[in-house]
Amino acid sequence: MKHLLISLYLGFVLFASCQNRNSKDSSQGGKFNEILPQINMIQTRLHTSSNFVIGQTSHGPVFVVQGDYFENQKKSASIEAYNPQGKPLWNNQKQSDQHDFGAGAYVHWVDKSGLNHPVVTYSYVPKPKEMKGGVVFVNANDGSTIHELSNNAHFGNNNSLLFDFNKDGLTDYLYADLATISAIQLSNFQKEWTFQDGVRFCWSLPALFELKHDQNPIIYFGSEYDSNDGLSSFLAIDLKGNRIWKSSGHVEDLGSTPVFIADIDGDGTKEILKVGLDLEHHNKQKWNHMYVFNTDGELISKCELGFTGIAIGDVDGDGRLEGVGISNTRDGGLNGLKEIRCIELSTGKLEWSVPVERAYLDCNSPVMADINDDGYLEAIVGTGNPAGYGRLPNSEPWGDIYVVSHQGEILKRQELMGRPVNMGICDYNQDGISEFIVVVDGKPGWINIYSTKAKAKQIDWPVPFGNAERSGTHSY
Ligand SMILES: [Ca+2]
Ligand SMILES: [Ca+2]
Ligand SMILES: [Ca+2]
Ligand SMILES: [Ca+2]
């Protein structure tokens, strides 16, 4: 039987289906009423955190969050590690007496690096723009710095992709700054190649997919207003850093969301998905769009979204994938709606929508899973007003999480102290049931942990937004 894909790691997509939907209807009742009971709320020391990873060490699971650390009025880029009970384990800071450093958006965990310990990476952005940023490689057992590499640019969010490029059994590191992508062999930190055509990443993450069996996979990424005419590109490159194709001339920002690979229409062929942003109403569009490319680089469809973080799954069990998200009133167009929306991605059809009280910046990585174990997928989406960048004028931070059923019924609303920036579902304590984790923005911010009833098998969960295909964590 084709398996359910149930949880995905730090991120979102859950390419899942509802084929078991009728098998458990009779088992519903009061015992399924409690949705997302909170396990823990870890107050970090870091400001404006946006991402986390969870890895496994000999001491058990470790949560690592990135953000800015302030001491003596100096700002340093930092990561901090906690156990699931919230006990601080270690921290690592990129700092100097002369300059401030801010943390890049993403943090990654590498188990098979060729070193005798797991590795965590984060990036830093120096205060004077003339200085170059870089990436720090950290021993995940004790937080010590083991290496640093300088960017080719000032800015970089660690928009990385982990993959064994040369098939030696060790994970290699595809690292991106604002202008270049580099393949780095982690065992000796050598750069194998650097690619610099049309690279302009903000919050994007590339994806990697094996087009044909026994052929080398291909790396796909999009860029943010990268060309001189202010338009955006989408590119495919091979594992040696050679361009395969480039699709140019797109009006929306294609460099601020992850790439996903999925068969959205159920015909057996995968498509390449990219959510575009009308960044800060750049073109005063009514809607932002989902871009669907085929593997030859042709744009085969676009559909109106209204949100930027997307949870993907087959919520109605018809073999076609839906995308669920909550309005992003800054980057999702000028449609004026505040709602949770479910859109069939191959047709662009709005399946349902449900209004919400407030919406601003949506969560980057909404998730989908059978949270209440009733045989149907639920989506968890979030929205909020950040404490730092993007904060609405004359306002206080706020945040909401919603659990919404496959039919658009709001099962739970959880108000938060700040914007839920990124979410993840993984079974960190390995009891077969997924936990739900969310990074909540603040000065400083939090890591909130909730329990679910979603059955899970833990695979590659240290990787933000699932594996290199961004296809989620498989559960059988
Ligand atoms: Ca297809
Ligand atoms: Ca469907
Ligand atoms: Ca369910
Ligand atoms: Ca668990």
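Strand E31 (residues 420-426) and strand E32 run antiparallel and pair over six bridges. They belong to a predicted model, in which local features need pLDDT of at least 70, side-chain atom pairs count only at pLDDT 80 or more, and totals for chains, interfaces and linings use all residues. Residues are numbered from 1 along each chain as its sequence is written, while chains are lettered from A and ligands numbered from 1 in the order in which they are written. The protein chain has 33 strands and zero helices. Here helices (H or I, at least four residues) and strands (E, at least two) are DSSP runs, numbered from the N terminus. Two strands pair if DSSP finds at least two bridges between them.

**The chain as a whole**

- Of the 476 residues in the protein chain, 54% are buried. A residue is buried if 20 or more other C-beta atoms lie within 10 Å of its own, exposed if 12 or fewer, and partly exposed in between, with C-beta atoms placed from the backbone.
- Among contacts with a separation of 6 or more, 55% link residues 24 or more positions apart. Two residues are in contact if their C-beta atoms, placed from the backbone, lie within 7 Å.

- Strand E32 covers residues 433-440, and seven of its eight residues are buried, so the strand is largely enclosed by the rest of the structure.
- Val-438 has Asn-448 in E33 as its bridge partner.
- Five residues lie between E32 and E33, which form a hairpin.

**The sheet E6-E7-E8-E9**

- Four strands, in the order E6-E7-E8-E9, form an open sheet with antiparallel pairing.
- E6 and strand E9 (145-150) are the edge strands, each pairing on one side only.
- Neighbouring strands of this sheet are turned by 20 degrees against each other on average, direction ignored. For such angles, axes are lines fitted to C-alpha atoms, for helices over the stretch in contact, and angles run from 0 to 180 degrees between N-to-C directions.
- Five of the six residues of E8 are buried, so E8 is largely enclosed by the rest of the structure.
- Strand E7 (residues 119-126) pairs with E8 over six antiparallel bridges, and Tyr-122 has Val-136 in E8 as its bridge partner.
- Strand E8 (residues 134-139) is joined to E9 by five bridges, again antiparallel.
- Val-136 stands opposite Glu-148 in E9, and Val-138 has Thr-145 in E9 as its bridge partner.
- The hairpin of E8 and E9 has five residues between the strands, and Gly-143 in the turn has a positive phi of about 85 degrees.

**The sheet E2-E3-E4-E5**

- Another open sheet has four strands in the order E2-E3-E4-E5, with antiparallel pairing.
- Strand E2 (52-57) and strand E5 (88-94) stand at the edges with a single partner strand each, so one side of each is left without a neighbour in the sheet.
- From one strand to the next, the twist averages 30 degrees.
- Six bridges link E2 to strand E3 (residues 60-71), and the two run antiparallel.
- Val-53 stands opposite Val-64 in E3.

- All five residues of strand E11 (residues 172-176) are buried, so E11 is largely enclosed by the rest of the structure.
- In a regular strand the side chains alternate between the two faces of the sheet.
- Asp-172, Leu-174 and Ala-176 point one way from E11, and Tyr-173 and Tyr-175 point the other way.
- Strand E10 (residues 161-163) is joined to E11 by three antiparallel bridges, with Tyr-173 in E11 as the bridge partner of Leu-162.
- Five antiparallel bridges join E11 to strand E12 (residues 181-185), where Gln-185 stands opposite Asp-172.
- E11 and E12 form a hairpin with four residues between them.

**The largest nonpolar core**

- This core holds 121 residues, of which Phe-52, Val-64, Val-120 and Val-381 touch the most other members. A nonpolar core is a set of buried Ala, Val, Leu, Ile, Met, Phe, Trp, Tyr and Cys residues joined through C-beta atoms within 7 Å.
- Strand E6 (residues 101-110) gives the largest share of this core, seven residues.
- Leaving aside neighbours within four places in sequence, the contacts of Val-381 include Ala-311, Val-324, Ile-340, Cys-363, Tyr-402 and Val-404.
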